[in-house]
Amino acid sequence: MYIIAGLGNPGSRYAGTRHNAGFEVIDVLAEKCRVDVETKKFKALCASGVLEGEKVLLVKPQTYMNLSGESLRAVTDFYKIDIPSELIVIYDDISLEPGQLRIRKKGSAGGHNGMKSIIQQLGTQEFLRIKVGVGEKPEGYDLADYVLSRFHGEEKITMINACERAAKAAEAILREGADSAMNEFNRKV
């Protein structure tokens, strides 16, 4: 069983913001599984489904970004999964251009507070992750204001496509493994 978690902030106030790219990808995966991510447990909204012949639990932590690790710790403890190979975390990354993807098997939080929380709660940096580029903060912008801003115009279309590609990247990880998915999806778009 795989746990695929997308990071974001709950509530309509944050819907469509840069920081909610992970939630958007989970919504695409839920559509592919023909499930609704609305069961409340583990401080998250969850749904079970099947992707690429593998049983998956889709997770949208509802703890707000900075406490995402609390939710994922509860889920991983309950299901007793092998964290390095069966947990996939999808989240926004300001160091990547809008729409760019980066799959990694391990790494630091890179300044992302949601990832800091997950690494702290799980006690490891070794788990699969799909980073979705949302673009670098413009000079003079406050970082929090930037990641909580919405996409507009061409950027919005780029991000819709990026979320679709990130969902395909998750499927590729399940189907072919992380190394193959990295070769396919880490290329510049």
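How many nonpolar, polar and charged residues are in the lining of the largest pocket? Eight are nonpolar, nine polar and three charged. Here Ala, Val, Leu, Ile, Met, Phe, Trp, Tyr, Cys and Pro count as nonpolar, Asp, Glu, Lys and Arg as charged, and the others, Gly among them, as polar.

Before I go on, this is a predicted model: local features need pLDDT of at least 70, side-chain atom pairs count only at pLDDT 80 or more, and totals for chains, interfaces and linings use all residues. Residues are numbered from 1 along each chain as its sequence is written, and side-chain values use heavy atoms, with hydrogens and water left out.

A pocket is an open set of points on a 1 Å grid over the protein atoms alone, where a 1.4 Å probe fits, with protein on both sides within 12 Å along at least five of seven lines; lining residues have an atom within 4 Å of a point. The largest pocket has 20 lining residues, with H19, G111, H112, N113 and L143 nearest its centre.

Now the second largest pocket. Its lining has 15 residues, and G16, E24, F151, M159 and I160 lie nearest the centre. By class, that lining splits into six nonpolar, four polar and five charged residues. Helix α6 supplies five residues, the largest share; helices are DSSP runs of H or I, at least four residues, numbered from the N terminus.

α6 also meets α7: R165, K168, A169, A172, I173 and E176 contact A178, S180, A181, E184 and F185, contact being heavy atoms within 4.5 Å. Of these residues, six are nonpolar, one is polar and four are charged.

Definitions and conventions
Helices (H or I, at least four residues) and strands (E, at least two) are DSSP runs, numbered from the N terminus.
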